[in-house]
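Biologist: Hello! Could you walk me through a few residues, one step at a time?

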Amino acid sequence: MDLLANLAGGMAQAATPENLMYCFLGVTLGTFIGVLPGLGAMIGIALLLPVTYYLDPASAIIMLAGIYYGGEYGGSIASILINVPGTPSSAVTGIDGHAMTRNGRAAAALFMTAIASFVGGSVGIILLSAFSPVIAAFALTFKSADYFAVMLLGLIASASVARGSVVKGIVAMIAGVLIGTIGTDVSTGAQRFTMGVPELVTGLSLVVLAMGIFGFSEIAVSAGSNLPRAKSQAIRMRDMMPEKGEARRSVGPIARGASLGSLLGSLPGAGPTLSAFLAYSFEKAINRRGKDFGTGVVEGVVSPESANNAAAQTAFIPTLTLGIPGTATMALILGALMIHGLPPGPRLMTDHSDLFWAVIASFWIGNVFLLILNIPLVTIWVRLLRIPYRFLFPSITCFICIGVYSVSLNPVEIFIVLAVGLLGYAMRLTGFSAAPLLMGFILGPLMEEYLRRALLLSRGDFGVFIESPISATCLAIAAVMIAWPILRGGLRNLRRRREG
Amino acid sequence: MGAGFFPFWFALVGAALGAVICTGAVMRPAEARVSIHWRSLIFVSAAFVMFGLLIEPAGLIVAIVASTILGAMADRGARLVESVILGFGLAAGIWVIFVVLLGLSIPVLPGGR
């Protein structure tokens, strides 16, 4: 079979000692950062982005992706033990997971979480390897107008599911697009928004933006808040075994979580967080023990965990096959591909198929590493939860500074990071989420390019966006996404007025 | 399609939505107050500024130690001795990764060596 041959080839490339090491480094750092509340996979990827300049593209993506799905595993540890999600997607795991900890069953919860994560992740990987070639083949028929429309849909979807108001999400996305236009315009050579600063002529780099908006502001916010710390709770291997019947009862929730997560993960904007929330509420509604959810039942732990890990894997489908990331983290991975000179889009699979399959194969390897890291070695992570933040935050600050400096060897970039970071901090305070901004920053320049090409081919006729069925559908969905919350708000007001 | 086309239309929509948010905020004054944690904001910013100012004239080690001390002060429980030890540890680690392994020409000691 083609698929198996491809996977075998990928496995051979991913299993070189060097790539194994990068994969291991990635998932370890991902778990580390995932475990610590207040730090997410974003900051981990941003921190390692400068280092990946020195790696070959496959190793770079293998490592960065490892941070991402490793963070999903790690996030649930903090959720279960101290009821503070290490990553947003594991927030709902804490409902029943922490209840299990209160019942003295933390070890069993951690064990079942690791198993559910592994199964969910594996299902996601299988779907990813099965569907990617099909979708990429379909995407090869896309024209410039279609790309523009799909990207616009992706951006609007990411803005709509962001925390807080949709309007603020869209404003953040537009701000990102505008920041993305800073620098020299590729086709006319005109300087845009450079204000005479020579460092801005080449535009803001992804490293600078990601480090500022996620690195600086996350540290400034977290260092000020008193995050709860883990109480010492002994996790012993022999307490890990689930009770009789628990394993059997988990099969259904894990399978349903994985299916739901795989589906949602591949959609633009959805991602692991939404998948985990939906899987939990779905399971609560249909499970026979649904009314006990919240009191520490294992079904409530495994279903969101299986869902978010499945979603973390299928999120790579649109990113790698269409070049359209569904979430900000995926946008960062896409940005890393572009740093290495790999053009995003369906041609990635045909022109760089060895890289594609090596990355996919590394996901399997990474998930096995994570299973080892999370079951026999879980006590290490529990101990890590007790590192004082007064050691952690200055260390991250130094790594951000040296990382930024290492890319350009220009100290001015440190001050640009600070400026971007202060913007990110202000956005956090006022309820604008940073994820749509990053998406806009990465997709904006690509969108402009496709818009330009589409209009060039149609000789300036905007009709092309409606004539193409793919583009028309995407634009229609995007319009509904914007109109729906406004309509719903209007209806609610109307009803309130009628009642009051 | 000129260089200004794309940013112009995006900025126009952005400005319009910004106006919507502003009117909304003025019509319904928010009850929630924004709380800024000045201590952490100032010291984390200072750590960045210090690194940017020191890296070229004073080199990696001084810059890292200085910015670690400042960064640690964002937390109330910081102790100077601890921060200095941490700073030297970080400087050593960063020197190994970026100078020894990656071979970057970053000034390590004062005087650009």
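Biologist: Is B:V96 buried, partly exposed or exposed?
Modeller: Keep in mind that this is a predicted model. B:V96 has a relative accessible area of 37%. Buried means under 20% and exposed means over 50%, so B:V96 counts as partly exposed.

Biologist: Over in chain A, is A:R498 buried or exposed, and what charge does its surface patch carry?
Modeller: A:R498 sits in helix α22 (residues 469-499) of chain A. Its relative accessible area is 71%, and exposed means over 50%, so A:R498 is exposed. A:R498 forms a surface patch with A:R488, A:R492, A:R495 and A:R496, and that patch is positive.

Biologist: Now to A:V302: is this residue buried or exposed?
Modeller: A:V302 belongs to helix α12 (residues 299-314) of chain A. Its relative accessibility is 0%. Because buried means under 20%, A:V302 counts as buried.

Biologist: Which residues does A:V302 touch, leaving out those up to four places away in sequence?
Modeller: Good follow-up! Neighbours up to four places along the sequence are not counted here. The residues that A:V302 touches are A:M112, A:A116, A:S250, A:P253 and A:I254.

Biologist: What distance separates the C-alpha atoms of A:V302 and A:M11?
Modeller: Along the chain, these two residues are 291 residues apart.

Note on methods:
Residues numbered from 1 in each chain as written. Chains lettered and ligands numbered in written order. Predicted model: local features only at pLDDT ≥ 70, side-chain atom pairs only at ≥ 80, totals over all residues. Heavy atoms only, no water. Patch = residues over 30% accessible without salt bridge, like charges linked within 9 Å, V, L, I, M, F, W, Y side chains within 5 Å. Areas by Shrake-Rupley, 256 points an atom, 1.4 Å probe, with all protein chains shown as cover. Salt bridge = Lys/Arg side-chain N within 4 Å of Asp/Glu carboxyl O. Lys, Arg positive; Asp, Glu negative; His and termini not counted. Charge placed at Lys NZ, Arg CZ, Asp CG, Glu CD. Helix = DSSP H or I, 4+ residues; strand = E, 2+ residues; numbered from the N terminus. Buried < 20%, exposed > 50% of the residue type's maximum accessible area, 1.4 Å probe, protein only. Contact = heavy atoms within 4.5 Å.
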